[in-house]
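Good morning, and thank you for coming. Please look at the structure on the screen while I speak.

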Amino acid sequence: MKIRRRNFVATSAGLAAGAYLPITSELAQAQTTRTLIVAEKGTPEGMDGDALKGNTQPCVVQCYEGLTRYGRTTRDGRPYLDPTKIEGHLAESWTVSPDGKRYVFKLREGVKSARGNELTSADVEWGWNKSFAQKRTGNFIANVSNVVPNGVKALSKYEVEFNLEAPSAIFLNALTLYTPGIYDTTEVKKHITADDPWALKWIDQNTAAFGAYHMQELRPNEQAVFVANPNYFRGAPYFERVVFRAVPSAGSRLTLLKSRQVQWIERPSTQQVVDLRTDRNVKVQDSFGRSMASIRMNVGIKPFDDKRVRQAMNHAVDRALIKKSVFFDLADEARSIVPPFLGGYDPSHFKYPFDQTKAKALLAEAGYPNGFEVELLYGNEYWWEEPLCVQVSDQLKAVGITAKPTRITLADLRARGAINRMDMPLFAFEDGPIVLDPVYSMYLLTHSKGVSNRARYASPVVDKLIDEGRQTLDREKRYALMGEAQRVWMDDAPWLLTVYPTLFEAMATNIVGWTPHPDDHERWADLKVG
């Protein structure tokens, strides 16, 4: 795929938005202090990285940081992560056993939380054990990285040991993440009760971390206020204070940015990006999207238990038209489950050109010569969900399939896609890897144990290829294994492939330093006024 980047800066008359929210006082304070005002759909509903809720992830990543981090590089004057380089972060160094199954990390000495407590290896052990006990996001990260359950041990005040079931090429990458969290347990343990041995209720609404920011205040559905960690080991962030304002309307967020009442909005729609090109008060930057705007077919529910039906669905959609009409050409056509920017991406197995005649023939072979009817479910998390579902529904009509776009809440969508339920026949969803590796991407989305495999897809062949890849350190061999896994998955066609939307961030023109991260959220510590 040809690498490209676009920077859009534009001009029009500013739009007044002062009546929408009482933001003017915040703006006045921002002019006298280093305050960043961010407009988002809502405030964080929780701050536990193991139990993501609405708006948890964009905030929790500001507070909890990993033992390692990706290196940095510059392209076209902009900063980016370098996924080929892993360097120390909360840990300053590490050693590895000859068999690749035991790591010992030396923590940086003198690292302190916002509460003034020093990081020790006991904090690392406790945080990983919390994730093992919760059996949610962090536990999945540990599993895919081959970490032995409860295999993290404090050896001394500043040394911590990780034991792996098998060598892992993605283990150090996984340690860049915000979960399993590394908590200030001196503080957290004050809130443990007999009924809540991991202080989960307290962690859900508070922060105790060693990262760049600490949550000072949370007013649900209004705002959350974060302040810089005065003890942050990498030095004081430029912005001393971040106000995370709840602005449910995408149009209102846009208006507030254009009228300079906020300085940042996440993920404007591509239609908004077109508008923002004409406004001098706004700067829009982009990066490759890691997540497909997918429509998934539940292979355990008729008619999608028949591979021919799933293949027919893929022949029935015109991706070029979707890219143009829904995404204004600001997207890449999807030709694999692995995102195009990742090493190991292999589009050579894509075999579904737009062909309505082929789609009708496959439907007839499967016993549906007149098509069928089904609800096409979608949520309210991403701007593209409704227009994409309407466009796909219109295209499927041409081959006899009536797919009725039906909106449900995000909570219902997530609940119905959970591993113990998975009862949606056809639905739109967006998931992508937060570890920059094709093995992680394939495990997450296609393995029978993948937490984002939400539609009962299970292939023993794909599982075996991924499991072998998890234990293979040779890059070319891993890429070959993932190439074969992509081929099998593509033939099985459990998703209706559409596009990978380009990711955009919109900000005040004087904000610099945005570095794209694999979870699609900016890091406030990267930002400053240029």
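Which residues in α15 meet which residues in α17? Before I answer, a word on the source: this is a predicted model, in which local features need pLDDT of at least 70 and side-chain atom pairs count only at pLDDT 80 or more, while totals for chains, interfaces and linings use all residues. Residues are numbered from 1 along each chain as its sequence is written, and side-chain values use heavy atoms, with hydrogens and water left out.

Now to the answer. From α15, Pro438, Val439, Met442 and Thr446 meet Arg478, Tyr479, Met482, Ala485, Gln486 and Trp489 of α17; contact here means heavy atoms within 4.5 Å. By class, this contact has seven nonpolar, two polar and one charged residues (Ala, Val, Leu, Ile, Met, Phe, Trp, Tyr, Cys and Pro count as nonpolar, Asp, Glu, Lys and Arg as charged, and the others, Gly among them, as polar).

As to geometry, α15 spans residues 438–446 and α17 residues 475–492, and they pack at an angle of about 30 degrees with their axes 10 Å apart. Helices are DSSP runs of H or I of at least four residues, and strands are runs of E of at least two, numbered from the N terminus. Axes are lines fitted to C-alpha atoms, for helices over the stretch in contact, and angles run from 0 to 180 degrees between N-to-C directions. The two helices are therefore roughly parallel (under 35 degrees; over 145 is roughly antiparallel).

Helix α17 also packs with α16, residues 460–470, at an angle of about 165 degrees, the axes being 9 Å apart. That makes α16 roughly antiparallel to α17. Among the α16 residues in this contact are Val461, Leu465 and Ile466, and among those of α17 are Leu481, Met482 and Trp489. The classes here are nine nonpolar, one polar and four charged residues.

The largest nonpolar core has 74 residues, and Phe226, Tyr440 and Trp524 have the most contacts inside it. Such a core is a set of buried Ala, Val, Leu, Ile, Met, Phe, Trp, Tyr and Cys residues joined through side-chain atoms within 4.5 Å, where buried means under 20% relative accessible area, exposed over 50% and partly exposed in between, with a 1.4 Å probe and protein chains only. Leaving aside neighbours within four places in sequence, Phe226 is in contact with residues including Met47, Tyr213, Phe244 and Trp524.

Finally, Trp94 lies in strand β5, residues 91–96. Trp94 is partly exposed, with a relative accessible area of 24%.

Key
Angles under 35 degrees count as roughly parallel, over 145 as roughly antiparallel, 65 to 115 as roughly perpendicular and the rest as oblique.
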